[in-house]
Amino acid sequence: MRRAILLAAFGAATPQGRQALHAFDAMVRERFAGWSVRWAFTSPLLRERLARARQKSDSVRKALMRLSFERYERVAVQPLQAIAGAEHEEVCAACAEAVQDLGLCCRVGAPLLAEPADVEAAARALATHLPEGRLPHEDVVLMGHGARHAGGARYADLAAAMRKLDARVHVGTMGDAMALTSILPRLTSGRVWLMPLLSVVGQHALRDMAGEGAGSWRSRIEGAQHECVPVLRGLAEYPGVAGIWLRHLETAAAEACGETL
């Protein structure tokens, strides 16, 4: 029985982002010895950029077709996504097509914040990975992507879970009800730490969060008379957070192989 793991990420356009994906790849290969490990990028724009640079990249559908052509029978797909939003639905749809059209036994792992228990686990993990130089009274702001999707409610759940652990940690997202506008009035410390709630450090973290433009979260926090310290590390770089994705992958791998957990 030929078995493969397909890791699906939005993509990584920065050296740090690529290194984070490589590190996660190494964790997967160590835990799943005997499985082939492949990658797919869900961002069409990033795949186009890589193609122009003559670098190989597959969509989820293309990667599954390739695995079928290579006579793999069972595939566990693990998306590096925070919530079960539109991007996750696209991965699930591609897997369903592979089952129907290619005859693959394919299972998709849950995103980071799939269930209430995942939210609690993620909050505990993030609490252990707060900046080392941060003082207890200092505010920390986590910036997520957000989503116009029912799955986006998990960000509010995470915000509530973080407040129970540390009242000075705030979770926000870009462009919706949890935007920075609602957080700024709650910031009381002279120094504010800013962290991405994103799988890897890419353009959102570099430009929208920590950039020097007037609209970045860093600039807006500084404009509210706070010193702002961005921490450029993605979620996949924190072992405690990456471990949640790995546990979801273990479930998907067991289901793909017809095993009982």
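Modeller: First, terms. On a 1 Å grid over the protein atoms alone, a pocket is an open set of points where a 1.4 Å probe fits, with protein on both sides within 12 Å along at least five of seven lines; lining residues have an atom within 4 Å of a point. A volume is the space filled by probe spheres set on the points, joined across faces, edges and corners. This is a predicted model: local features need pLDDT of at least 70, side-chain atom pairs need 80 or more, and totals for chains, interfaces and linings use all residues. Numbering runs from 1 along each chain as its sequence is written, and side-chain values use heavy atoms, without hydrogens and water.

Colleague: What volume does the largest pocket have?

Modeller: About 830 Å³. It is lined by 33 residues, and closest to its centre are Phe10, Glu87, His145, Leu198 and His204.

Colleague: Which elements give two or more residues to that lining?

Modeller: Helices H2 (44–52), H4 (86–102) and H8 (203–209). Helices here are DSSP runs of H or I, at least four residues; strands are E runs of at least two, all numbered from the N terminus.

Colleague: And the second largest pocket, what is its volume?

Modeller: About 430 Å³. Of its 17 lining residues, Trp39, Ala40, Phe41, Lys56 and Ser57 are closest to the centre. Helix H1 (15–31), strand E2 (36–41) and helix H3 (60–69) each give two or more residues to the lining.

Colleague: Switching to H6. Which of its residues are buried?

Modeller: Tyr155, Leu158, Ala159, Ala161 and Met162. Buried means under 20% relative accessible area, with a 1.4 Å probe and protein chains only.

Definitions and conventions
Buried means under 20% relative accessible area, exposed over 50%, partly exposed in between (1.4 Å probe, protein chains only).
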